[in-house]
Amino acid sequence: MTDATPEGELWGRRAAQRAALGAKMSMPAWKTAVERTNIGEGTEVLDLACGSGEFCALATEAGAHATGIDASHEMIRLARLAAPAAEFHVRALGRLPWEDGTFDVVTGFNALFFAPDPEAAFAEAVRVSKDYVVVCDWHPEHTSAILAVGWAIRGPSGRRRPEMPEPHENLTIDIPQHYPDEDTMLRGFLSTGGYQRMIESEGEESVAEKIKAATEQYRTPDGGYQLENKYLMSIFRKNEIPGN
C-alpha cells in the first residue's frame with residue numbers, strides 16, 4: 001500500500017519513534033480542546049492529520065466516537081493500536097467523504113498547513129462539522145524553539161496557516177518539550193518528516209550535527225534539553241462562521 005501523499009511517506013518512516021518521543025508534546029492542547037468543546041459521551045469527533053492517534057484515544061476515553069485521518073499508512077497503523085475504539089482512514093487533507101454536519105467537533109492540530117490548499121481544507125472541516133472546529137498551530141507571535149531549530153537548519157518551510165474568519169475563541173497553549181539527554185533529543189528531531197529529505201541528501205550524521213549545534217542554546221545544566229513552544233488554538237462555532 002502507498003501513502004496518501006509524499007509527505008505521508010516521510011512522516012511514516014520513523015513513525016514509532018515519533019510517537020514515542022514527540023507526539024504527546026501536544027497533550028496540553030488536546031486536553032484544552034476536549035474541555036472547551038465539551039467532548040464527552042456520544043460526541044462525534046473527526047481529527048485531521050491524526051498522526052499516531054493519541055488525540056483520538058483521549059477523545060474515546062472521554063466517551064466520544066472518534067475518527068481520524070492521516071496521509072501515512074504507518075501512522076494509521078499505530079493509531080489503531082493507540083485508540084482501538086476509534087475509526088481511522090489513510091487519507092490526505094482535502095475533500096472529505098462525509099456528509100455535511102457529520103461530526104460535532106472537527107480538530108486539526110498542526111494539520112491544515114500540510115494541505116495543498118489550507119483554506120479549502122478549513123472549509124471542508126467546517127462543512128462536515130455540526131458545531132465546533134478547532135485549528136491549532138504554532139503561535140505566529142511567539143517563536144517556538146522547535147520552529148527556531150528547524151529554521152536554523154532547513155530555513156522556513158513555506159507552509160502557512162489558512163486564512164480564516166474571526167474565531168469564537170483564541171487561546172495560547174504552552175507546549176514545552178523536554179529531552180533528558182542528547183541521544184533522546186536527536187532521535188526526537190530526526191523522527192519528524194521534515195528532516196527526512198535532508199537525511200536522504202546529506203546523511204543522518206551530518207543532519208544530527210546541525211541539530212546539535214542549533215539546540216545547544218536549549219541545553220540544561222544536567223545535560224538535558226528544554227524547548228519552550230506555544231500553540232495558537234482557534235476555536236470556531238459553525239453557526240458563527242459567515243455563510244453557515
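Predicted model: local features only at pLDDT ≥ 70, side-chain atom pairs only at ≥ 80, totals over all residues.
Local features require pLDDT of at least 70 and side-chain atom pairs pLDDT 80 or more, whereas totals for chains, interfaces and linings use all residues. Residues are numbered from 1 along each chain as its sequence is written, and side-chain values use heavy atoms, without hydrogens and water.

The largest nonpolar core has 33 residues. A nonpolar core is a set of buried Ala, Val, Leu, Ile, Met, Phe, Trp, Tyr and Cys residues joined through side-chain atoms within 4.5 Å. Buried means under 20% relative accessible area, exposed over 50%, and partly exposed in between, for a 1.4 Å probe and protein chains only. Ile-39, Phe-55, Phe-88, Phe-109, Tyr-231 and Met-233 have the most contacts inside this core. Two or more residues come from each of helix 3 (27–36), helix 4 (54–61), helix 5 (73–82), strand 4 (103–109), strand 5 (129–138), strand 6 and strand 9 (230–237). Helices (H or I, at least four residues) and strands (E, at least two) are DSSP runs, numbered from the N terminus. Helix 4 gives the most to the core, with 5 residues. Another core, of 19 residues, lies apart from it and includes Leu-48, Ile-69, Val-106 and Val-126.

Helix 4 is largely enclosed by the rest of the structure, because 7 of its 8 residues are buried. These are Glu-54, Phe-55, Cys-56, Ala-57, Leu-58, Ala-59 and Thr-60.

Phe-109 is in contact (heavy atoms within 4.5 Å) with Ala-29, Trp-30, Ala-33, Asp-47, Leu-48, Phe-55, Cys-136 and Met-233, leaving aside neighbours within four places in sequence. Ser-234 sits in strand 9. Ser-234 is buried, at 3% relative accessible area. Not counting residues up to four places away in sequence, Ser-234 touches Val-133, Val-134, Val-135, Arg-161, Pro-167, Glu-169 and Asn-170. Its C-alpha lies 23 Å from that of Glu-99, 135 residues away in sequence.

The model has 0 disulfides, where a disulfide is a pair of cysteine sulfur atoms within 2.5 Å. Cys-56 is in none; the nearest cysteine sulfur, that of Cys-50, is 5.3 Å away. Cys-56 is buried, with a relative accessible area of 1%. The sulfur of Cys-136 is 15 Å from the closest cysteine sulfur, in Cys-56, and therefore too far for a bond. Cys-136 is also buried, at 2%.

Two residues other than glycine take positive phi. Asn-38 has a phi of about 60°. It is found in the loop between helix 3 and strand 1 (44–48) and is exposed, at 56% relative accessible area. Ala-49 has a phi of about 50°. It lies in the loop between strand 1 and helix 4 and counts as partly exposed, at 24%.

The second largest pocket has a volume of about 180 Å³. On a 1 Å grid over the protein atoms alone, a pocket is an open set of points, where a 1.4 Å probe fits, with protein on both sides within 12 Å along at least five of seven lines; lining residues have an atom within 4 Å of a point. Volume is the space filled by probe spheres set on the points, which are joined across faces, edges and corners. The lining consists of Glu-7, Leu-10, Arg-154, Ser-157, Arg-159, Gly-193, Gly-194 and Arg-197.
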